[in-house]
Amino acid sequence: MELSTQSVAGPRVILDVVAGPYAGTRFEYAGHDTLLVGRGADTNLQLIDDAQLSRHHLILEFNPPRVYLRDLGSSNGTRVNGRMVQESFLKDGDEIACGETRMVVSLPGELETISARQRSLHDASTRSGIRASGPTPPPPDELPAVVPGYDVIRELGRGGMGLVYLARQQAGGREFAIKIMLPESAASEFATKLFLREVSVLSKLDHPNIVRYHEMGSALGQFYFVMEYVPSRELAELLSQLPRGRRVSFACEVIAQALDGLAYAHDAGIVHRDFKPSNLLVEMSGSVPRVKVSDFGLAKSFEDAGLSGMTLSGQVRGTLAFMAPEQLTHCRDARPPADIYAAGASLYALLSGRPPLAARSGRDIIRVVLEDEPRRLDQVCPELPAELVKVVHKALEKNPAKRFKDAAAMRRALEPFLSA
């Protein structure tokens, strides 16, 4: 096994291996990344001769200057400064112990990093053509009143970083969805980058199966962007209201349209990386669904990969059940096949009512994704056509090379089932 050390400058996290087989090895991180530790061949730090380690023992997430550790339900556990932990945010000087290996975290220039983050936030807004000025941002419940040019109607949803509102444009009366950063998220450089990235990605994409970008701005120090409003309905609700014989073709139609949007994004050099049923907006036109892929917050170009679904330090755990294994082991190298896997996992969930893989018996969902095979779909839903089951499981292959070659190929494979 060859270990490479990434040499970086500026704000960073340093991880020194001080004991064990790779003592003396140093890892340096200047941006978001993950390090999977264990005995498995797909780990980033493979300790094959350490019998005390599990196949997938722990994962470290780096988002300088933050470091998040998660034990993956290992047999012998992970210690931080001598104390057994399941998960922990690490500080400068913390020692991680797993099996024979000891690693020490260093956060050089942490105070300088905080100051640099504040400067970076200002620079990011300047590059985006936005000047975030004005009084201290109001509480979230008051935010709708400060979106210039729009009358906010109601809240549509909220997540870890922002709130989404339905609003009517004062000039023209058209309805739009407006996404506004939460005040606590605006104080984070990382969250701001994610927000601005979603704006950047959406502004480059124009396809009927992708939510369209309209404009961006700031008010009272808060970034917001305006996008197409889709009067969507919950997929589970729609499926439950259909006759049993129509559910299969409906689920396949939803994913087929979403694959059209993914194919367009992939051709533009963008991989979504957070594709799942909750990010599919479905509007009904009579009995026909119209599908749009939303939430490109984790999307990036192939050339500038990074950001696994563990973004924001494990807060988006619902995403993990739809995530391709390579997104966990090599989060900086996710490519279109990761979206193919997620599309397969989403179709499996729509057809069966549950994701193909889920944490059970106390096992961590990350280990399940990396180690387990999904239960055969025809065992869960015996009535499904055998060829459709093959399509789903081909998309769910752990080896990316065994999946469909692209989103268009998977879409073609679903065509026989669209009018079944």
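This is a working chat about a predicted model of one protein.

Student: What are we looking at, in terms of helices and strands?
Tutor: It's a predicted model. The protein has 12 helices and 20 strands.

Student: How many residues, and what share is buried?
Tutor: The protein has 420 residues, and 55% of them count as buried.

Student: And the accessible surface?
Tutor: About 18200 Å² for the protein. Carbon and sulfur atoms account for 48% of that.

Student: What share of the contacts joins residues at least 24 apart in sequence?
Tutor: It's 57%, taken among contacts between residues at least 6 apart.

Student: Let's go to the cores. How many residues are in the largest nonpolar one?
Tutor: The largest nonpolar core has 85 residues. Those with the most contacts inside it are Ile255, Phe275, Leu280, Leu347, Leu351 and Leu388.

Student: Which element gives the most to it?
Tutor: Helix α5 does, with 12 residues.

Student: What about a second core?
Tutor: There is a separate one of 23 residues. Val13, Leu53, Leu90 and Ile96 are among them.

Student: Why would nonpolar residues group like that?
Tutor: In soluble globular proteins, nonpolar side chains tend to be buried together.

Student: Back to Leu351. What does leucine 351 contact?
Tutor: Leaving aside neighbours within four places in sequence, leucine 351 is in contact with Val248, Ala251, Leu377, Cys381, Leu384, Leu388 and Val392.

Student: Leu388 and Val392 are in that list. Which helix holds them?
Tutor: Helix α11, residues 386-395.

Student: What covers the buried residues of α11?
Tutor: The cover includes α5 (244-267), α8 (336-352), α10 (377-380) and α12 (407-414).

Student: How many disulfides?
Tutor: The count comes to zero.

Student: Change of topic: sheets. What is the strand order in the open sheet of five?
Tutor: The order is β4-β3-β5-β6-β9, with mixed pairing. The edge strands are β4 (45-46) and β9 (87-89), and each pairs on one side only.

Student: How many residues of β3 are buried?
Tutor: Six of the six in β3, residues 33-38. The strand is therefore largely enclosed by the rest of the structure.

Student: Which residues of β3 point which way?
Tutor: Asp33, Leu35 and Val37 point one way. Thr34, Leu36 and Gly38 point the other way. All are buried.

Student: Why the two sets?
Tutor: In a regular strand the side chains alternate between the two faces of the sheet.

Student: How does β3 pair with β5, parallel or antiparallel?
Tutor: Antiparallel, over five bridges. Leucine 35 has leucine 60 in β5 as its bridge partner.

Student: And with β4?
Tutor: β3 and β4 run parallel, joined by two bridges. There the bridge partner of valine 37 is leucine 45.

Student: What about β5 and β6?
Tutor: β5 (residues 58-63) and β6 (residues 66-71) are antiparallel, with six bridges. Asparagine 63 stands opposite arginine 66 in β6.

Student: Now glutamate 198. Where is it?
Tutor: Glutamate 198 is in helix α3, residues 189-204.

Student: Buried or exposed?
Tutor: Glutamate 198 counts as buried, because its relative accessibility is 3% and the cut-off is under 20%.

Student: What does glutamate 198 touch?
Tutor: Not counting residues up to four places away in sequence, it touches Lys179, Phe225, Asp295, Phe296 and Gly297. A polar atom of the glutamate 198 side chain lies 3.4 Å from the backbone nitrogen of phenylalanine 296.

Student: Asp295 is on that list. What is the phi of aspartate 295?
Tutor: Near 55 degrees, a positive value in a residue other than glycine. Most residues other than glycine have a negative phi.

Student: Where does aspartate 295 sit?
Tutor: In the loop between β19 (288-293) and β20 (300-301). Aspartate 295 is partly exposed, with 29% relative accessible area.

Student: And asparagine 81, what is its phi?
Tutor: The phi of asparagine 81 is near 55 degrees, also positive. Asparagine 81 is in the loop between β7 (78-80) and β8 (83-85). It is partly exposed, at 47%.

Methods: Residues are numbered from 1 along each chain as its sequence is written. This is a predicted model: local features need pLDDT of at least 70, side-chain atom pairs count only at pLDDT 80 or more; totals for chains, interfaces and linings use all residues. Side-chain values use heavy atoms; hydrogens and water are left out. Buried means under 20% relative accessible area, exposed over 50%, partly exposed in between (1.4 Å probe, protein chains only). Helices (H or I, at least four residues) and strands (E, at least two) are DSSP runs, numbered from the N terminus. Contact means heavy atoms within 4.5 Å. Two strands pair if DSSP finds at least two bridges between them. A nonpolar core is a set of buried Ala, Val, Leu, Ile, Met, Phe, Trp, Tyr and Cys residues joined through side-chain atoms within 4.5 Å. Accessible areas come from the Shrake-Rupley method with a 1.4 Å probe; for residues, only the protein chains shown count as cover. A disulfide is a pair of cysteine sulfur atoms within 2.5 Å. A polar contact is a pair of N or O atoms within 3.5 Å; within protein, one must be able to donate a hydrogen and the other to accept it, and residues adjacent in sequence count only if both atoms are side-chain atoms.
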